[in-house]
Every structure is written in structure tokens, then in C-alpha cells.
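Dear colleague,

Please find below the structure that I am handing over to you. My notes on it follow directly after.

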Amino acid sequence: MSTNSIDSLLHEDRHFPPSADFAANSVASASLYTDAKADRLAFWADRAREYVHWHKPFTEVLDWSNAPFAKWFADGELNVAYNCLDRHVEAGIGDRVAIHWEGENGDAVSLTYAQLTAEVKRAANAIAALGIGKGDRVAIYMPVVPEAVIAMLAVARLGAVHSVVFGGFSAESLRSRIDDAEAKLVITADGGWRKGKVFPLKSAVDAALANGTSTVSSVLVVKRGGNDVEWVDGRDLWWHDAVEAAEPEHVAQAFEAENPLFILYTSGTTGKPKGILHTSGGYLTQVAFTHKNVFDLHPETDVFWCTADVGWITGHSYVVYGPLANGATQLLYEGTPDTPHPGRWWELIEKYKVSIFYTAPTAIRSFMKLGRQIPQGFDLSSLRLLGSVGEPINPEAWIWYREVIGANVAPIVDTWWQTETGAIMISALPGLTTLKPGAAQTPIPGIRIDILGEDGTRVDPPQGGLLVVSEPWPSMLRGIWGDPDRYVDTYWSKFSKPEEGVYKYFAGDGAHVDTDGDIVLLGRVDDVMNVSGHRLSTQEIESALVSHHMVAEAAVVGAADEQTGQAVVAFVILKANQTDAQTADEASTMLRSHVASAIGAIARPRQIFIVAELPKTRSGKIMRRLLQDVAEGRPIGDTTTLADASVMQIIGDKLK
């Protein structure tokens, strides 16, 4: 935000210090901050030795000689899958449950670390028999089933590179990712369960490979949906046939720390896909460290549940690699939160006694809309810590989450990070930090964050600016696959001064440090509007709307306006018990006044549309560009990534 930003009147003065019991048993200690401040590189070296088993110990911590291309622990060697599996069996905890899996249709299985290790060994042999080895790329296009995790770990075990493509993406999106990575193998399923029915996956793979020019030579197919599939002899193999025929033993070979681990394509890209590349040693160090300390993990007793799909970075880092590296027990769920009934998630928490729950603000707000009576119908007393990820969480949603889901006692960690950062970068540490609604709060020990103005100078609280990471970090992306120039231009060009040896990573997010010294995220810079010269955060206006007792969820966009340059337009979902209380016009008038009093007249929305749903991707992100199309009277753009494309038709028809 610029120096002419408005000062928000939404100052947050509610604070929640950790309880004495929680602080006394906290995994994290204050020495993490002091040690990191004293010697940042020595701090990360200590974490790498603490959280990772090295087949060959490293002697060099960071090589930044070719900035902004980093190498961490480069002369060390490890096997990522061994770290997530074999070492736990060898340590005597092979009978600990690694994964409780539940399918949307009620199918369920629990796998111990010994069983998961055995499955991954067989899968690694089956995949190697198809000619896959170190450096080869494997595309994985799967529902959230145990085989998805097994496939990722088996590929990693071989030193190959997985590229997981979210199962909701189209055949065309899949094709572009397969082609960019030059994958040799695709691992998929016949289908998966979603919203009470099977959605096909193998058919999308067939369409993606239909032109015959692909680098793919084999397709492994997991039988999950039971739906009919086309078959290409010589290319297609059933997963169960290949794995059952494979040898049961497989010795994990060590690979260098900078061996590529995965490519993950950022969603919503236009033109050529942007493949974010992560490597092994530094990535595993930071995801394991943050998973243990941010979530206060006690692996002997906790049951962890991150609701993310494995197709996203959150699923990579906090479903697969972080929890398994730490020997955690976790829940994996295939379906949606409202199938077969709207209390499904709470039912699962009760059944498996989940103690740590990590989900997205958009899910929390959707639960708010339905009302607290649904979660209150289940026993959630096992929960002792809650987490938020994916976008800034509105203070009122934060409070609801704490009160209704966390029984007014569970701490909430509001985490900021990205596909590119690989692991959590900003978050409270729950045993140490006094928590505050709506604020990500403080950088992780060993991470340096700055808030800069457009000119690159640091801005003082409470003014906002642009969030940058000022020092390299272990889990940072190592580049964009096949396009080093694009990597430099996209992330390092705005604030770096190579001639002075200064490199700053620009995250694309706005933020400000409040008067308490806490970092408050303002959302993507793209989500900042310029109204009559005032730069306004869509997230701040959304928070103002959600703070009103009538509102369950809100999305704000900037629409072109001849008079002000841009005008604020809001789309609002009312709570279920409010929809008949007043007309849409009455609600709109009340809410426009509420925003003006909460933030200032400059932020008063030009229009507020009362809607039943918002357009969201299957990962839960609101597609604001589609709402902007509506607000500016344009034809609605591409809706292929929406969970329910009919939502935009309904909104468009209503507004006409």
C-alpha cells in the first residue's frame, strides 16, 4: 500500500496468549528465535541435522554464489522417502498409524508406517520396471486416495521427479503440464468420488495424450471409481497388477540434496504453464521443522488433519512430506465437506479424534454460513490446535473458528506461504505467541521478511507495502522448470540490485505491520484497488463486510469507473438465518453504510450484490476475475477450473 493508504478503523485489539498448560508443553522454545538471530545459517544447519537423516552429511550450508539460484546442503546426500518411511520402521514405530484414509463413499483403511513402507517399496519397483529413474518426470493425476501418497513417495524414492496435477483440472491443462515437464509416465485412477458420484480421470488422461506426440510411454491406473475406461494396450497398466507383481524389497539410494523432488504448476496461469521446481534437502528440512513447531506436533499422541488436496503445495508439504517425515499420524479424506451431509468433516474429527486441524478460510466461512448448530452436533473435544492457510482470514471468521470449532481454547495459527516458498514463512508459534485475529503475525525463525514501498524503502507501521523475503531460505523454489529467465524476471527483478549483491524475493502480496509489530496480510497486489488515488485492499473490505452479523462470506473486486478510476463492488452471501430478514436492497444499503463506518467513506462499495454462492475453484479459492467480469459488464471468462460452473450463470442471470 502507498503512503496515501487509508488508516483502517478495523484495528484489532483482541489478544489470546497461550494457556499455561499449552506453553509448558510447547514443542517450540524461545531459543529458536535467539539462535536464528545469532547465526541464521548455523540455525538452519542445526535444523537440517535435527529433522533429516543424511546418508552423507553435508559440510556446506548455503551456496548463494549464483544468486538468485540457491543451493542448500549441496554436498550432503539423502533419500526423501527413506526419511518419511524406513527410518521410522527402523526406529521401532512401524506399528504407528501413518494414514487413516476415508473415502467419500464410506470406504476406509488405516496404514501403519510399516505397511506404508512396504507399499512404497513395491510401487518403487513397479515404477522402476517401467524405465523410470533419477531425474525422470512422472505426472500424477489422482483423487485423494492412499495410492496418491504412495505414488509420490515411490517416485521420490527413485530420485525421479513428480508433477502432481490436481484432479479437477481439464485434459488440456493436464496436457500442457505433461508436455512442459516431458513426463515419461502418468499415474492416474479410473475415477474418484466427489459430491456423491464418481468423476472420471482416466478419460482426461486419454484426451491429454490423444495427439500421439507426448513423451509419455506408460500409464498406471488405480482402480477406485469402478467406472468404465478405455484401454490402450502396451501403454496402460492397472496399478494393482503392476504393484502386486513387483518385488517386495527395495533399498533406498541416497541422492544429492539438490536433486529435484517435484515440479508443481501454479494454478491460474495463462500461456505456458509455470512449473515451480523444488529440490530435496532444504525443502524437507523446512517442511519438517515448520510442521513440528507451527502445529506443536506431539507425534506419539496427535492426529493431524490437513484438508488440502495433494494436488496443491499444501498437500505436498503438510499432507505428505512434513507429517510423514515427523512420524505423525494423520487423516486423509477423499470427498467434500458437505457430502453426504454438511457435518461430514466434524463427523470425521469425532471418529478419528483429530487433535490438529488445518484448513482454508473459505471453508471456515462456508461453515459460518450454515450455522454453528452443525459442528455443535459433534464431539470436537479432541481438537487442541487449529490452523488456517490459503488466504488472509477475516478477524470475525478467526473468532468464529476459535469459539465454535476450538471451544474458545484451541490456539489458531494463521500461516502465510506460497507454492514458491515451499513451506510456511510467517506464522505464530502457538506455545510462544500471543495470538491475534486476522494477523499472520511473525516470520518463522530463520526467515527474514520486509515490507517495502514501491521505491524499495521500508515502510513504517501502520502503513502498508509489498511483502518481500530478504534472505534465501531452505525450501525456496529453485527456479521455473526450463525457464531460468522467467524465474528471475517474475520473482527477483522488482527489488533486487545484482550489481550490489542484493537479492530480494517479491511475493506478489501486500502487507502491513500493525502497531503491535504483527504482520497483517492484505492479499495479492492484484487484489488492491485504486479508488480516487486511494489504494484499498479487497481483503480489508471483505473483512469489514464479514464483521457484520448478517454476512457469512464476501468477495470484493475493483470495477472500472469513469469518475473514480476504480469502484468497489462486493458480492455477499448472507447467513442462513438472515436471508428472509430483509430484502436484498435493504441488506445492500445497510452493508454499504457498515463498510463506510468501519473503514471510511472512500471504501463504501458502489454496489453490493446479494448472492447464494461465490465462484470457487475446487481448492476453495474465489475466482475474483470472474466477478470482475460481471461487475464490468463483460462476457464471463473461462470457468473450467470452477468446482461448479453453474454458479456464474446463476449470478449473471440474477444481476440481469
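In which loop is Glu 182 found? Glu 182 lies in the loop between α8 (171-181) and β8 (185-189); helices (H or I, at least four residues) and strands (E, at least two) are DSSP runs, numbered from the N terminus. Although Glu 182 is not a glycine, its phi is positive, at about 55°.

The model is a predicted one, in which local features need pLDDT of at least 70 and side-chain atom pairs count only at pLDDT 80 or more, while totals for chains, interfaces and linings use all residues. Residues are numbered from 1 along each chain as its sequence is written, and side-chain values use heavy atoms, with hydrogens and water left out.

Cis peptide bonds

Ala 67 and Pro 68 are joined by a cis peptide bond with an omega of about 5°. Pro 68 belongs to the loop between β1 (62-66) and β2 (69-72). The bond from Thr 339 to Pro 340 is also cis, with omega near 5°, and Pro 340 sits in the loop between β17 (329-333) and α13 (344-352).

Helix packing

Helix α11 (residues 281-294) packs against helix α12 (residues 313-325) at an angle of about 85°, with the axes 8 Å apart. Axes are lines fitted to C-alpha atoms, for helices over the stretch in contact, and angles run from 0 to 180 degrees between N-to-C directions. The two helices, α11 and α12, are therefore roughly perpendicular (angles under 35 degrees count as roughly parallel, over 145 as roughly antiparallel, 65 to 115 as roughly perpendicular and the rest as oblique).

Helices α14 (residues 361-370) and α15 (residues 395-405) pack at about 70°, and their axes are 10 Å apart. They are therefore also roughly perpendicular to each other. Ile 364, Arg 365, Phe 367 and Met 368 in α14 meet Glu 396, Ala 397, Trp 400 and Tyr 401 in α15. By class, the contact of α14 with α15 holds six nonpolar, no polar and two charged residues.

For helices α17 (residues 538-546) and α18 (residues 584-598), the axes come within 9 Å and cross at roughly 120°, which makes α17 oblique to α18. On the α17 side, Ile 541, Ala 544 and Leu 545 meet Leu 591, His 594, Val 595 and Ala 598 of α18. The contact of α17 with α18 has six nonpolar, one polar and no charged residues.

Cavities

A cavity is a set of points, on a 1 Å grid over the protein atoms alone, where a 1.4 Å probe fits but cannot get out; lining residues have an atom within 4 Å of a point. Grid points are joined across faces, edges and corners, and a volume is the space filled by probe spheres set on the points. The count comes to two cavities of 30 Å³ or more. The largest cavity has a volume of about 50 Å³, and its lining includes Leu 78, Phe 255 and Ser 280. That lining divides into seven nonpolar, four polar and no charged residues. The second largest cavity has a volume of about 30 Å³; Phe 166, Arg 177 and Tyr 265 are among its lining residues.

With kind regards

Methods: On a 1 Å grid over the protein atoms alone, a cavity is a set of points where a 1.4 Å probe fits but cannot get out, and a pocket is an open set with protein on both sides within 12 Å along at least five of seven lines; lining residues have an atom within 4 Å of a point. Ala, Val, Leu, Ile, Met, Phe, Trp, Tyr, Cys and Pro count as nonpolar, Asp, Glu, Lys and Arg as charged, and the others, Gly among them, as polar. Contact means heavy atoms within 4.5 Å.
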